[in-house]
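Student: I'd like to learn how to read a model like this one. Can we go through it feature by feature?

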Amino acid sequence: MSEDKKKQVSRRQFLNYTLTGVGGFMAAGMLSPMLRFAIDPVLKAQGGGDFVAVVEVDKITTEPQRFDFTIEQVDAWYESEVTKSAWVFKQEDGSILALSPICTHLGCVVSWEGSENHPERFYCPCHDGLYYKDGVNVPNTPPTEPLHVYDYKIQDGMLYLGKAKPREEA
Amino acid sequence: MIQKLYDWIDERVNITPLWRDIADHEVPEHVNPAHHFSAFVYCFGGLTFFVVVIQVLSGMFLTMYYVPDIENAWDSVKYLQTQVAHGQIVRGMHHWGASVVIVMMFLHTLRVFFQGAYKKPRELNWIVGVLIFFVMLGLGFTGYLLPWDNKAFFATQVGLQIAESVPYIGEHLKVLLAGDPEIVGAQTLTRFFAIHVFFLPAALFALMAVHFVLIRRQGISGPL
């Protein structure tokens, strides 16, 4: 600790800094590829998701019905067919609403009028979560947001569903 | 900031002597390349250790993607090498590092041998070193199978035949390694994986600890 005004760096300090710097550089060169490798799943871009044919449009009624469909799922090196389902119905204005059955509370599966005590509601058996017909969660039940809505398109009289997305607040 | 954190801990648990014991020791002049450049031959042991550290780290990261199963092993290796960011580098480090370890260890052995540094009182450490050598060869052998490609499969076929040629116990030794008297397959792969990532590294760490404790106890052998 020299009281010098120039704040001289001692030989020992200089060597310490240099060695720490060089050592740190080498360690970083070694570790950074490994860390990037490890966190890759977080940084991977999400696929857009293809549309899959689900059901003929004229089978859709104003009453929500469950339709199952399979998608090709690519899970890293493992490719498989996974069954998904949607609750589909015609709304009053004639447009189609396809709701994901995944409860927004903790991920259980809801069904339309799944409980005798709750007619005209989507019901989740895990914690008695309820949703109105349009998928909006009933206040004071566990879910905190509406059921997710599938992107859809209609082609040649068939309903095609894409990815289920959180509904924007209306 | 770091200094303060260190001081806070040191004040309570007195960690300074712990690392000083490990880090503070004099390097004799004849071992210091700054005095005699030829002293670089003393670096090979440390270099071996350095590469081993790389092997351990890269290996740990590789197991985040690798699956030791005959259906998926090759696909998972292909995936981590081609689809995961820096996968080629991380696997490359492990692949090439495996060879570099053997080379460095061999040079270290040559130095100790030709300098006669294994002589009394250091015979025990020589023996430990030879055991480390065998463990390393085992790691190389078991790791070679894991990508489950053709080269790996047939190299293991050959290695198992060599094990089988050991007098008296050869047959049993082969079954023990392969997990099946006839097939080199599902059980072979899981066994080799377990040996490669758990059993041999455990043995390696224990032996390395003994190796280092002994060298600190006995000191580096004197100049020629």
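Student: In what order do the elements of chain B run from the N terminus on?

Tutor: Read them off along the chain. In this predicted model, chain B goes α-α-α-α-α-α-α-α-α. That makes nine helices and zero strands.

Student: What does UniProt list for chain B?

Tutor: An unreviewed UniProt entry lists residues 5–224 as "domain: Cytochrome b/b6 N-terminal region profile". In the model, that stretch is 70% helix and 0% strand, and its end C-alpha atoms sit 46 Å apart.

Student: What pLDDT does chain B average, and what does the whole model score?

Tutor: Chain B averages a pLDDT of 95, with 100% of its residues scoring at least 70. For the model, you get ipTM 0.86 and pTM 0.84.

Student: Now the overall picture. What does the C-alpha trace of chain B span?

Tutor: Along the principal axes, about 55 × 50 × 35 Å. For the fold, look at contacts by sequence separation: taking those in chain B with a separation of 6 or more, 65% link residues 24 or more positions apart.

Student: And what about the surface of chain B?

Tutor: Its accessible surface is about 14100 Å², and carbon and sulfur atoms own 69% of that. On the inside, 34% of the 224 residues count as buried. Charges are worth a look too: there are 14 positive and 16 negative side chains, with the centres of the two sets 7 Å apart.

Student: Let's zoom in. Is B:Asn125 buried or exposed?

Tutor: The cut-off for buried is under 20% relative accessible area. B:Asn125 has 9% relative accessibility, so B:Asn125 counts as buried. You'll find this residue in helix α6 of chain B, residues 123–145.

Student: Which residues is B:Asn125 in contact with, leaving aside neighbours within four places in sequence?

Tutor: B:Val210, B:His211, B:Leu214, B:Ile215 and B:Gln218.

Student: Can we try one in chain A? Where is the place of A:Gly162?

Tutor: A:Gly162 is in strand β9 of chain A, which covers residues 158–165. Apply that cut-off again: A:Gly162 comes out at 12% relative accessibility, so A:Gly162 is buried.

Student: Which residues does A:Gly162 touch, not counting those up to four places away in sequence?

Tutor: A:Asp50, A:Phe51, A:Tyr150 and A:Asp151.

Conventions
Residues numbered from 1 in each chain as written. Chains lettered and ligands numbered in written order. Predicted model: local features only at pLDDT ≥ 70, side-chain atom pairs only at ≥ 80, totals over all residues. Heavy atoms only, no water. Helix = DSSP H or I, 4+ residues; strand = E, 2+ residues; numbered from the N terminus. Buried < 20%, exposed > 50% of the residue type's maximum accessible area, 1.4 Å probe, protein only. Contact = heavy atoms within 4.5 Å. Areas by Shrake-Rupley, 256 points an atom, 1.4 Å probe, with all protein chains shown as cover. Lys, Arg positive; Asp, Glu negative; His and termini not counted. Charge placed at Lys NZ, Arg CZ, Asp CG, Glu CD. UniProt positions renumbered as here; feature names shortened; annotations may be inferred. pLDDT = per-residue confidence, 0-100.
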